[in-house]
Amino acid sequence: MLDAVFGGRYPRHSYHEKWAPDGTSLARMDNGGGDSYGIAFAEAGTFLFGFDHECAISPYVQDPPAHWPGLLDGLPDSLAHFTREPSFLFEDILEATVCAWHEPGDSGWRCGTLDFSGPLAEGDSDPDGAMWLFPMVAVGSPAEYTQWANGYFSVETDEAAVAAILAGRPLTEVLVHAIHEPADFATVAAKAAEMGYPVA
């Protein structure tokens, strides 16, 4: 929602409330430089995947491309179809260096058992790219987004207004202009409606 306030045809972060006919919604990040992540929210659970194109365990460091051993170990059948979703694939392989999932009733996130002791990844502090792909999601703080937005969009935005959006407060014209003064409220409100975000 925050990215939508700043406008642009290709937002870095996007959300599709009705991404699939079965009710699955999808959050995506695409930095335009070959790195991305997706989080699919389905009735059967949540499936998260990320792709750092320069990381040590990229599927494309070998020919033919293949996931790092263990990446999808333990993935439940109810979520396995996401690994075959055409829009997540490149050259017929899920474009992923990190994966995690959460089923209803789980006490936390789960992931495969990966061994980073091989010659490609040994000694790498972030071999799957997770540490730099997901800080904004993992930290989830207004300060984290505000700092990123100020640099990415070359603006100075109001951290309190960012906090209001992260807290799910209904969108108002005052709130939108506090985040990005030139924004057109009607356009932003229309995007909010598409995402299922509340508008006052």
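Which residues of helix α5 (residues 142–152) are buried? Keep that in mind while you look at the whole model first.

**Stop 1: the whole protein.** This is a predicted model. Show it as a cartoon. You will find 8 helices and 7 strands. The radius of gyration is 18 Å, close to the 16 Å that the globule rule gives for 200 residues, so the protein is as compact as a globular protein of that length. The spans are about 55 × 35 × 35 Å.

**Stop 2: the surface.** The protein exposes about 10600 Å². Carbon and sulfur atoms supply 53% of that area. Now colour by charge. There are 8 positive side chains and 30 negative ones. The centres of these two sets lie 9 Å apart.

**Stop 3: the inside.** Hide the surface again. Of the 200 residues, 40% are buried. Next, think about contacts with a separation of 6 or more. Residues 24 or more positions apart account for 58% of them.

**Stop 4: helix α5.** Select residues 142–152. Here is the reply to the opening question: Tyr145, Thr146, Trp148, Ala149 and Asn150 are the buried residues of α5. Show their side chains.

**Stop 5: the cover.** What lies over these buried residues? Select α1 (2–6), β1 (13–16), α4 (135–139) and α6 (159–166), which are among the elements that cover them. Give each element its own colour.

Stop 6: Finish at Ser154, which follows α5. Check its backbone: phi is positive here, near 55°.

How values were computed: Residues numbered from 1 in each chain as written. Predicted model: local features only at pLDDT ≥ 70, side-chain atom pairs only at ≥ 80, totals over all residues. Heavy atoms only, no water. Helix = DSSP H or I, 4+ residues; strand = E, 2+ residues; numbered from the N terminus. Rg over C-alpha atoms; globule rule 2.2 N^0.38 Å. Buried < 20%, exposed > 50% of the residue type's maximum accessible area, 1.4 Å probe, protein only. Contact = heavy atoms within 4.5 Å. Areas by Shrake-Rupley, 256 points an atom, 1.4 Å probe, with all protein chains shown as cover. Lys, Arg positive; Asp, Glu negative; His and termini not counted. Charge placed at Lys NZ, Arg CZ, Asp CG, Glu CD.
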